[in-house]
Structure formats: C-alpha cells, structure tokens
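Thanks, everyone. Let's get the structure up on the screen, and then I'll walk through it.

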Amino acid sequence: MTNKPRRVAARPNPCDWADDELMTFAEAAALMWPSGPLTASSLRTAYRAGELEVAMIARKLLVTKKSLSAMTENARRKVRS
C-alpha cells in the first residue's frame, strides 16, 4: 500500500479542505477516493481527455474539490428505460 501524501495525512477528511483549495492529482485521489476507484493516473487521463479542469502553476497540474465535483457531475449518465 502506498503512503498518503503528507497534506492528506494531516487532514484526511475532505470536509477540512476548501472547495477551491489547490491539490495535486495524488493528493486529490488519496483524499477523495482513498480506496479507489480513481487514482492520480485516472485524473491525468481525465485531464488529457478534457474532462477535468485544472490549474497549471509552475508546470504542475493542480485540481480543486470543485473541479473534481464538476467532472463527476458531467460524467453522470441518465438511466436507460
């Protein structure tokens, strides 16, 4: 099992993070999906597909809880009847 990122280990509850607080893909995956199903690699794939809004600062890709929620909401599919 991999170690949690330092900031996530210090604040493991997503409620302790502001909706617009920047985090790395590894932090986001560990915070929002600690046991899966999404990983940092999954988030990179979603970014490359244009499904995840990111901030690029100093050549680092960063996300927020708000952008993760938007990605999840946009991925929802209606139930077929």
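One term before we start: buried means under 20% relative accessible area, exposed means over 50%, and partly exposed lies in between, with a 1.4 Å probe and protein chains only. This is a predicted model, in which local features need pLDDT of at least 70, side-chain atom pairs count only at pLDDT 80 or more, and totals for chains, interfaces and linings use all residues. Residues are numbered from 1 along each chain as its sequence is written, and side-chain values use heavy atoms, with hydrogens and water left out. Element names follow DSSP runs, numbered from the N terminus: helices are H or I with at least four residues, strands are E with at least two.

Start with helix α2, residues 25-32. Of its 8 residues, 6 are buried. They are F25, E27, A28, A29, A30 and L31. What do these buried residues of α2 pack against? The partners are α1 (6-10), β1, α3, β3 and α4. Contact here means heavy atoms within 4.5 Å.

On to the core. A nonpolar core is a set of buried Ala, Val, Leu, Ile, Met, Phe, Trp, Tyr and Cys residues joined through side-chain atoms within 4.5 Å. The largest one has 16 residues. L43, L52, V63, L68 and M71 touch the most other members. Helices α2, α3 and α4 each supply at least two residues of this core. α2 gives the most, with 5 residues. In soluble globular proteins, nonpolar side chains tend to be buried together.

Look at L52 in particular. Leaving out residues up to four places away in sequence, L52 touches F25, L43, A46, Y47, V63, S67, L68 and M71. Now turn to S67, one of those contacts. S67 is found in helix α4. Is S67 buried or exposed? S67 is buried, with a relative accessible area of 9%.

Strands of a sheet pair through backbone hydrogen bonds, either parallel or antiparallel. For pairing, DSSP must find at least two bridges between two strands. Here 3 strands form an open sheet, in the order β1-β3-β2, with antiparallel pairing. The edge strands are β1 (23-24) and β2 (55-57), each pairing on one side only. β1 and β3 are joined by 2 bridges. M23 stands opposite V63 in β3. β2 and β3 pair over 3 bridges. There, the bridge partner of I57 is K60 in β3.

What sits between β2 and β3? The hairpin has 2 residues between the strands. A58 has a positive phi of about 55 degrees although it is not a glycine. R59 also has a positive phi, near 60 degrees, and it too is a residue other than glycine. How much of each is accessible? A58 is exposed, with a relative accessible area of 65%. R59 is exposed as well, at 80%.

One more backbone point. A cis peptide bond joins G36 and P37, with omega about 10 degrees. P37 lies in the loop between α2 and α3 (40-48).

Last, a pocket. On a 1 Å grid over the protein atoms alone, a pocket is an open set of points where a 1.4 Å probe fits, with protein on both sides within 12 Å along at least five of seven lines; lining residues have an atom within 4 Å of a point. Grid points are joined across faces, edges and corners, and a volume is the space filled by probe spheres set on the points. The second largest pocket holds about 150 Å³. It is lined by 14 residues, and E53, V54, T64, K66 and S67 lie nearest its centre. The elements that give two or more residues to this lining are β3 (60-63) and α4 (65-75). α4 gives the most, with 5 residues.

And the make-up of that lining? By class, it has 8 nonpolar, 3 polar and 3 charged residues. Nonpolar counts Ala, Val, Leu, Ile, Met, Phe, Trp, Tyr, Cys and Pro; charged counts Asp, Glu, Lys and Arg; polar counts the others, Gly among them.
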